[in-house]
Amino acid sequence: MAINKQHAIDPDKCTACTICITACPVTAATRKFRGPKMTGPALTRLRKLVSDDDPMLDYCSNCKTCDLVCPSGVPISTLNMMAKNEYYKTHPRKSKADDMLAHSEKMGKLITALPLGSTFANLGVSIGKAFNMMGAMGITKDAKMPSYASESFISKFKKIKQTSYPRKVVFFSGCYINYNQPEVGVDLVKVYQKNKIEVAIDENFVCCGSPMVSGGYIDDARVNAAKNTAILKAWVDKGYDIVTACTSCGLMLKQEYQELFDFAGMSEYAAHMYDSIEYLAKLNDEGSFNTDFTPINKKYIYHAPCHLKVQAIGRPSMELLPLIPGIKIEEADAGCCGISGSYGFKADKHEIAMKVGSKLFARIKDSGADLGVSECGTCRLQMENGSGVEAIHPLTVLRRAYGL
């Protein structure tokens, strides 16, 4: 069945119940942000009459917790992002960090194209943090920044010899897996092959645009959305399902494109989009998920990313990982980690991000877990930075359990 998330931008559907304010992690962390209802529906009404010069909406992290709890189905975070896009057309940016973090794909392409590019880039980040040169660009020195891989996922994928199976998917790897953690993409291919699924990629995909939307660059995201939509629809027309292993990419492609843009075919391809673990849970429901595991005698703690929760697909990782013999795994259930994509990397937002994530950090530390688990790459960085406990993708856990 097609998934139609297209919303009429109607702030009057908001009944001002204020449940979004009580649920907003940023509002709880700082008085500088007066909450989703005020910046979204309330000020959207005002913006229909006069221009809005309130910079408060810059504090919205786009975690989408407000959308999740709204009983009226108002796309509050989308109203905020649209307003941010309009605001920065006439107001100066606070720092260069906004542009850099919103367009991280450009940096990834540049670095992987240069000999020893990742080595020099990672060294540059370390030196920049040590001498607080990052601060001049508006990036905090206190966050754990993603390092660049020496070889991209797409390059690694081309070296993997797969067995062909009737069941096929196309994998949208996204920038983080392609340039920063390609091993997660390799884990996906290995785990899917173990489940008799053939994986394809498409080198014409571009950044999903999620960091652009959060940074107030919706016009740039629209360009990427047009390219990706045409490619995704073509794959679905050929009979492929689509999987992602980054919850922000998945949310953007499946839901936010439909909320923000209006390209033909979006709801049709969105009906064939899955989170990578959700797709394996679907196999489990069909009785075809491979449970030929070797025991893992470790304790894990699982954190559900906000961008997974808002997709309303449950907790597929907490359905599958407990099937591994010997494993001990519990859900943290401690709210947002605070990083919200690149929000916590910004110098003026890092303290807020760490305050938002403090409950989760304490929960991880108190659990005594050997490892943290989460589907989101930047959530994993924030978990490690706040708790000191290494965090991995659920696909990595499954690959280890298969002994691959």
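Analyst: Happy to; below we take a few labels in turn and set each value against its cut-off. Keep in mind that this is a predicted model.

User: Why is Thr244 called buried?

Analyst: Buried means under 20% relative accessible area. Thr244 has 1% relative accessibility, so it counts as buried. Thr244 sits in strand S3, residues 241-244, and its contacts beyond four places in sequence include Phe171, Phe172, Leu253 and Met273.

User: And what makes Leu49 exposed?

Analyst: The label exposed requires over 50% relative accessible area. Leu49 is at 71%, and therefore exposed. Leu49 belongs to the loop between helix H3 (36-47) and helix H4 (65-69). Together with Leu46 and Val50, Leu49 makes a nonpolar surface patch of about 300 Å².

User: Which residues of H13 are buried?

Analyst: Among them are Ile218, Ala221, Asn224, Leu232, Trp235 and Val236.

User: What makes H5 largely enclosed?

Analyst: The count of buried residues does. In H5, 10 of the 12 residues are buried, so the rest of the structure largely encloses this helix. As for length, H5 (residues 76-87) reaches 16 Å from its first C-alpha to its last, close to the 16 Å expected.

User: Which residues have the most contacts inside the largest nonpolar core?

Analyst: They are Leu253, Tyr257, Phe261 and Tyr269, in a core of 49 residues. Several elements each supply at least two residues of this core, including strand S1 (168-172), helix H14 (247-260) and helix H19 (350-367). The largest share, seven residues, comes from H13. Tyr269 touches Thr229, Leu232, Lys233 and Val236, among others, and also Leu253 and Tyr257.

User: What does the second core include, and how many residues does it have?

Analyst: This separate core has 45 residues, including Ile177, Val199, Ile201 and Tyr402.

Technical notes: Residues numbered from 1 in each chain as written. Predicted model: local features only at pLDDT ≥ 70, side-chain atom pairs only at ≥ 80, totals over all residues. Heavy atoms only, no water. Helix = DSSP H or I, 4+ residues; strand = E, 2+ residues; numbered from the N terminus. Buried < 20%, exposed > 50% of the residue type's maximum accessible area, 1.4 Å probe, protein only. Contact = heavy atoms within 4.5 Å. Patch = residues over 30% accessible without salt bridge, like charges linked within 9 Å, V, L, I, M, F, W, Y side chains within 5 Å. Areas by Shrake-Rupley, 256 points an atom, 1.4 Å probe, with all protein chains shown as cover. Salt bridge = Lys/Arg side-chain N within 4 Å of Asp/Glu carboxyl O. Core = buried A, V, L, I, M, F, W, Y, C linked by side-chain atoms within 4.5 Å. Expected span 1.5 Å × (residues − 1).
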